[in-house]
Amino acid sequence: MSQDTRQDNKDSVVRAVHLKKTYFLDGVAVPALKEVNLGIAKGSFVSITGASGSGKTTFMNILGCLDKPTEGSYYLEGTDVSSLTPDRLADIRNERIGFIFQNFNLLARTSAMENVELPLVYAGVARHERQKKARELLEMMGLKGFEQHFPQQLSGGQQQRVAIARALVNSPSIILADEPTGNLDSKTSYEIMAILTRLNEQMGVTIILVTHEHDIAGYAQRIITFRDGLVVSDTVNK
Ligand SMILES: Nc1ncnc2c1ncn2[C@@H]1O[C@H](COP(=O)(O)OP(=O)(O)O)[C@@H](O)[C@H]1O
Ligand SMILES: [Mg+2]
């Protein structure tokens, strides 16, 4: 497969071109991403895998507009986000990206409903509409009746389902999930992966998932492997 994706078709929702990221730690350069070129098609389900320290989270942070590349470009739906101001980046993050994290990242003193509503609060959506959408998504996640529960009153799997509902509430362009099953037992992990698969297959949601677990990576249609800040394999899975 060609390493140079400048010829990528313009349907790529995500495109990294000569992307590099170097951290500086006490004056020492740590090259976390050495040169990444790849495109991800809209509606696809991709796993990013690789050993600890290979650059997966660094790459996800750039895709999620949480961090910027040191060199090269990152295009999200054709917009070069590497050049945007922090304010604009925050808007893009809120409008176009849904995040799912290993530790769920729910607000502790906030109900499931309000956690799901939060991205809509930032987007300025009226209360009634926010609640309607949040309620629908919680029901879709099998959490009808749990709307007023606080995170600590929910199991890990339930908390991750609240987080998935929250990630979906803005109808984002991509869902980024960094080790979403890392804090779950294997049965719950498979339930979460079944939900992500269903969202991709039935609703066409683009999912980019980071995992170091082989069986979890196997749920995706395409598996990209990082090693030492480089893509070392990129294969079609099914
Ligand atoms: N904020 C940071 N400052 C300095 N080095 C970092 C920072 N974040 C990550 N690194 C380094 O960058 C490399 C890639 O890290 P990371 O992207 O977290 O890998 P992975 O998610 O695959 O475990 C590692 O060598 C790591 O130590
Ligand atoms: Mg990581």
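Predicted model: local features only at pLDDT ≥ 70, side-chain atom pairs only at ≥ 80, totals over all residues.
Is Thr 211 buried or exposed? I will come back to that after the overall picture.

First, the fold in outline. The protein contains 7 helices and 10 strands. Along the principal axes, its C-alpha atoms fill a box of roughly 50 × 40 × 40 Å. The radius of gyration is 18 Å, and a compact globule with 238 residues would have one near 18 Å, so the two agree.

Next, the contacts. Take the contacts with a separation of 6 or more: 69% of them are between residues 24 or more positions apart. Of the 238 residues, 50% are buried.

Now the surface and the charges. The accessible surface is about 11500 Å², and carbon and sulfur atoms account for 50% of that. On the charge side, there are 26 positive and 27 negative side chains. The centres of these two sets are 3 Å apart.

Back to Thr 211. This residue sits in a loop, with β8 (207-210) on one side and α7 (214-217) on the other. Its relative accessible area is 1%, and the cut-off for buried is under 20%, so Thr 211 is buried.

Terms used:
Residues numbered from 1 in each chain as written. Chains lettered and ligands numbered in written order. Heavy atoms only, no water. Helix = DSSP H or I, 4+ residues; strand = E, 2+ residues; numbered from the N terminus. Rg over C-alpha atoms; globule rule 2.2 N^0.38 Å. Buried < 20%, exposed > 50% of the residue type's maximum accessible area, 1.4 Å probe, protein only. Contact = heavy atoms within 4.5 Å. Areas by Shrake-Rupley, 256 points an atom, 1.4 Å probe, with all protein chains shown as cover. Lys, Arg positive; Asp, Glu negative; His and termini not counted. Charge placed at Lys NZ, Arg CZ, Asp CG, Glu CD.
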